[in-house]
Amino acid sequence: MNREARIQQAYENAKEVYGGYGVEVETILEKFDGIPVSIPCWQGDDIVGFEPKGAGASGGLTVTGNYPGRPGNPEEYRMDLEKSMSYIPGRIKVNLHSIYGENYEAGIDRDEYASRHFSNWIAWAKEKGVGLDMNATTFSHPYAESGLTISNPDENIRQFWIRHMQSVREISEDIGRELGQVCVFNTWVQDGMKDMPANRMKYRELMKQSFDEIFGKKQISTDYVYDALEPKLFAVGVESYTVGSNDFYLSYHGHARAKGIGNTILNLDMGHFHCEESAADKISAVMLFSDRFMAHITRGLRWDSDHVVINDEKTNDMMREIVRCGVLDQAFFGTDYFDASINRVAAWTIGTRATQRALLTAMLEPVRLLHRAEEDGDYTKRLMLMDEFRSLPANAVWEYYCLSKEKAVATEWLADLKQYEKDVMFKRNNS
Ligand SMILES: C[C@H](O)[C@H](O)[C@@H](O)C(=O)CO
Ligand SMILES: [Mn+2]
């Protein structure tokens, strides 16, 4: 049997199996096809970006590895991105950092970044039919060396980062308007301390004030921008105290909503909690009080929050929970990882495809039957179904979807990437 016929037949069988549980596979596929996953720009070049002097990651972010072939300019970078996109079915967005703008004028600093620095990205996104998300970049900068940015008691430094965030938020607004879809403005900041602070209150108070100024500067339509707050437990070098902790951001979100400041939402990064803590469990708690949320799908491993996403238990758990909670239409899906020890284009491809596959698998779960068993108080049946549903033929549906989008099925993309690596990536000299 040839490739197409094999995939088609497995798909027809899968449809029958799912149909037996009341799941209409075609309807699910149609919905799935419209859900974008945002690709992390930082995986493409170890978060160097295109500022005149790319500094590389710092501030609790460490990219390990030195795999050859890193792109050294926007053209090489977008070429790699397009290569990865050629292997990815379904809608995507690119999650940019503010240091990935272009044509910065001499002497310009981050507090003066503007939409003109992103005009190439906007034109490219329009041409490719993809969306863009945006991140303020508070690390890898002389004003970030103390480890405190918007919570810095030095008013000059604090105001510098406030202006930075305000300008990046306005860039996000222009992007949202230009592309006709929401651009999530993410505000992760690394602020914290290696050792115990004597005055924890002070920095949180400053951070609260700063966010009030950042989001309070301008009311922006939610058609264009949501302001994502991304809590984190700790980072390397920031072991004792993170100003933007989960409790801080949950409270700040409530405050901002009550006062009508900005369009805040929570960004639940799966790698930002205790290893045994479930980010999935937080979705229902947050979404009872919010209209939207972002998920940073990633694979936390011990002290590293950002390994390349694979189809592991936590990723599937996160996706299942989003669907079971009925908040799929409220989710912004971002992925968040860096790995410079493997081919960077492959990392993008593996992580995005794994995220999509886990999402599709969760959408196919016969969730109504699980809810019904629980409502009936039949926890025995609930557990049996949950376990049984893990073995449903979701992969056959995924492969059919890839085929229908004329994208690689299973491992088919790797040989082509190895050729690209040889012909293009390994000929660069950017390390
Ligand atoms: C580069 C990003 O801003 C970063 O990964 C952030 O989202 C994060 O999760 C930091 O740990
Ligand atoms: Mn993140």
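# Chat about a predicted barrel model

Q: Which kinds of residues make up the shell around ligand 1, by class?
A: Keep in mind that this is a predicted model. By class, the shell has three nonpolar, three polar and five charged residues.

Q: OK, and which residues are they?
A: Here's the list for ligand 1: Trp-42, Ile-47, Asn-135, Trp-188, Glu-230, Lys-232, Asp-269, His-296, Ser-305, Asp-306 and Asp-336.

Q: Let's pick Ile-47. Where does Ile-47 sit in the chain?
A: You'll find Ile-47 in the loop between β1 and α3. Ile-47 is also one of the residues around ligand 1.

Q: Is Ile-47 buried or exposed?
A: Buried, because 24 other C-beta atoms lie within 10 Å of Ile-47, and 20 or more is enough to count as buried.

Q: What about the backbone there, what is phi of Ile-47 near?
A: Phi of Ile-47 is near 55 degrees, which is a positive value in a residue that isn't glycine.

Q: And Asp-46, what's phi there?
A: Near 60 degrees for Asp-46, again a positive value in a non-glycine residue. Asp-46 is in the loop between β1, residues 37–40, and α3, residues 74–85.

Q: Why does Asp-46 count as buried?
A: Asp-46 counts as buried because it has 23 C-beta neighbours inside 10 Å, with the cut-off at 20 or more.

Q: Switching topic: how many strands are in the barrel, and what order do they run in?
A: There are eight strands in a closed barrel, running β1-β2-β3-β4-β6-β8-β9-β12, and the pairing is parallel. On average, neighbouring strands of this sheet are turned by 30 degrees against each other, if you ignore direction.

Q: How many bridges join β1 and β12?
A: Two bridges, and the strands pair in the parallel sense. Strand β12 covers residues 331–335. As for partners, Ser-38 is bridged to Gly-334 in β12.

Q: Now the helices. At roughly what angle do α5 and α6 cross?
A: Roughly 35 degrees, with their axes coming within 9 Å. Helix α5 spans residues 155–179 and helix α6 spans residues 200–216.

Q: Left-handed or right-handed crossing?
A: Right-handed, as α5 passes α6.

Q: Which residues make that contact?
A: From α5 you have Arg-158, Ile-162, Met-165, Gln-166 and Arg-169. From α6 there are Leu-206, Ser-210, Glu-213 and Ile-214.

Q: And how does the contact of α5 with α6 split by class?
A: The contact has four nonpolar, two polar and three charged residues.

Conventions: Residues are numbered from 1 along each chain as its sequence is written. Chains are lettered from A and ligands numbered from 1 in the order in which they are written. This is a predicted model: local features need pLDDT of at least 70, side-chain atom pairs count only at pLDDT 80 or more; totals for chains, interfaces and linings use all residues. A residue is near a molecule or strand if its C-beta atom, placed from the backbone, lies within 6 Å of it. Ala, Val, Leu, Ile, Met, Phe, Trp, Tyr, Cys and Pro count as nonpolar, Asp, Glu, Lys and Arg as charged, and the others, Gly among them, as polar. Helices (H or I, at least four residues) and strands (E, at least two) are DSSP runs, numbered from the N terminus. A residue is buried if 20 or more other C-beta atoms lie within 10 Å of its own, exposed if 12 or fewer, and partly exposed in between; C-beta atoms are placed from the backbone. Axes are lines fitted to C-alpha atoms, for helices over the stretch in contact, and angles run from 0 to 180 degrees between N-to-C directions. A crossing is left-handed if the near helix is turned anticlockwise from the far one by less than a right angle, and right-handed if clockwise. Two residues are in contact if their C-beta atoms, placed from the backbone, lie within 7 Å. Two strands pair if DSSP finds at least two bridges between them.
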